[in-house]
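Hello,

Please load it first, then read the notes below.

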Amino acid sequence: MKKNSRFTIVILCFYKLKKTFLICLNFTSCLHLDNILTMKKLLCFLFFASYYTNAQSLFMLKTSQVTFFAGTPIEDIDAKNTKSTSFINLKTGDIMVSIPNKDFVFKRGLMQEHFNENYMESEKYPKSTFKGTIQNIDSLNLQSGEPQKIAVKGILNMHGVEQNQLINAVISAQKNGLFVESSFFVKLEDFKIDRPKIVWEKLAEKVEVKLKFEYVPYQK
Amino acid sequence: MYRIKNSFFIVLFSVLGLKAQNLDSLVASLEPKENIKYTDYIFKGTKIINGHSIECTKKGALQLMFQHRFSPIGNGIKDFFGLDGATIRFGFDYGITKWLSVGIGRSTTQKAYDGFLKAKLFKQSNKMPFGIVLLGTTAIKTDNWTAKLEDDIFAHRMFYTTQLIIARKFTERFSAQITPTLVHRNYVTNPNAQNNVFALGLGLRYKISKRMAIVGEYFYANARQLEDNYFGNTVALGLDIETGGHIFQLHFTNASGMVEHQFIGMTRENITNGINSIRIGFNLNRVFTLVKNSESSW
């Protein structure tokens, strides 16, 4: 949300209002509105609200990068995914993320096979989702241009298990949208992903997940 | 009048409509739609037991394979259920591209060297009911020549196999494969034996857990094509154990050779002889990633 774009909206409002104001003069009696100002205010609010909701509070994911590190000092097990889908509603603070599990790319093809076949069971559980709300949405001041810390509380659904998670992230306004960055840990045991002891690849107990999401305003 | 009323309602509904819009459905509407959904990992190993499976070595991966077949278990404890007499094959496979892999190997049987090319033609998907792989194997026997001495020329020591591997993963646990095979031997001693041997293979896999599967394999070649004392039935039953980076394949089979032309058409023990034909064997695979996938870096 930038100052100049907000300014444009106000100008647009006035332009529209000028027209409606003139028409309204004729129809106030029909609508049983004694006060023209009430009508004017209402229209102004509705218009602005619709514009606000439409263009500025709903953001969709443009480019994304989800990486995780599940290795140990002995063996690096990491993967990257650029096929996520996500939306942020800045008005309500709602965030929804969906990550297709099959699109995690590993350095070693065999690890990718094990990830899909043995750990994530991607045929059975094709995607991981997160649905949450930014807790401090009201105190967010994106106009300042400074990156803002956010705490997102929600439900992470992975491997068929739903878990409450509080994820800390940093959000900042960009030239044409939003940039969200986060890093958090997921405990495999919580999601019923078993780590067999005889396996040569040693899996970490906690997996570090990193996100880099670039959002743009959503237009239909 | 209508115009103002309409515009009023349009504005009103656009506000209400957007408020009601669900992020879930928005996300669902924009998730990438896959037109073709491929089915992967039909078998665990690149070999079912004796013969190749539809799986190829992954791109950039080098697979080291140790295969052992022991003597028939019929002698019991005397030769420790055949473990005293081992024939081996060791080999390397490498995935050049996603669809092409190559391999070389060396066997005790016939002191043979073999090489193969394995090309993925079709992958199983929602549009294609089964995957198809083409396999070509060439082998050379370097053991002492036992037939007529004047026949001992280089070309007579060569064996070729072509296989069309057709496989389907029916469920998450169950996969099946049929393998029409043509084995060409450049030299046969018996005048009734054929240079070209046609055979048909059947392979089955049933996963009993995430990392273990029961596999079965059968090759049939009409014995009239073969030389005397050789049988056209090769049976194998085994257990695949995957331990991350390694695959152990333990099995029972009546074949001692581990190259196509050996276990198809050169099986000496008929399976009907029971324990006097059945051997213990194992394949041990280890995969090393030589070229890492660059798309995955952080």
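Conventions first. This is a predicted model, with local features needing pLDDT of at least 70 and side-chain atom pairs counting only at pLDDT 80 or more, while totals for chains, interfaces and linings use all residues. Residues are numbered from 1 along each chain as its sequence is written, chains are lettered from A and ligands numbered from 1 in the order in which they are written, and side-chain values use heavy atoms, without hydrogens and water.

Chain A
Chain A holds three helices and 10 strands. Both are DSSP runs numbered from the N terminus: helices are H or I with at least four residues, strands are E with at least two. The order along the sequence is α-α-β-β-β-β-β-α-β-β-β-β-β. Of its 220 residues, 49% count as buried (under 20% relative accessible area, with a 1.4 Å probe and protein chains only). Take the contacts in chain A with a separation of 6 or more: 61% of them come from residues 24 or more positions apart. Contact means heavy atoms within 4.5 Å. Chain A exposes about 11,900 Å², and carbon and sulfur atoms supply 57% of that area (Shrake-Rupley method, 1.4 Å probe).

Cores
A nonpolar core is a set of buried Ala, Val, Leu, Ile, Met, Phe, Trp, Tyr and Cys residues joined through side-chain atoms within 4.5 Å. The largest has 44 residues, and A:Phe68, A:Leu90 and A:Ile171 have the most contacts inside it. In chain A, E1, E4, H3, E6, E7, E8, E9 and E10 each supply at least two residues of this core. E10(A) gives the largest share, five residues. Another core lies apart from it, with 13 residues, including B:Ile49 and B:Val133.

Cavities
On a 1 Å grid over the protein atoms alone, a cavity is a set of points where a 1.4 Å probe fits but cannot get out; lining residues have an atom within 4 Å of a point. A volume is the space filled by probe spheres set on the points, which are joined across faces, edges and corners. There are three cavities of 30 Å³ or more.

The largest cavity has a volume of about 590 Å³. Its lining has 36 residues; A:Val66, A:Phe104, A:Met158, A:Val186 and A:Val209 lie nearest the centre. The lining divides into 30 nonpolar, five polar and one charged. For these classes, Ala, Val, Leu, Ile, Met, Phe, Trp, Tyr, Cys and Pro are nonpolar, Asp, Glu, Lys and Arg are charged, and the others, Gly among them, are polar. E10(A) supplies the largest share of this lining, five residues.

The second largest cavity holds about 130 Å³. Of its 14 lining residues, A:Leu110, B:Thr46, B:Cys56, B:Lys58 and B:Gln63 lie nearest the centre.

Pockets
A pocket is an open set with protein on both sides within 12 Å along at least five of seven lines.

Best wishes

Definitions and conventions:
Buried < 20%, exposed > 50% of the residue type's maximum accessible area, 1.4 Å probe, protein only.
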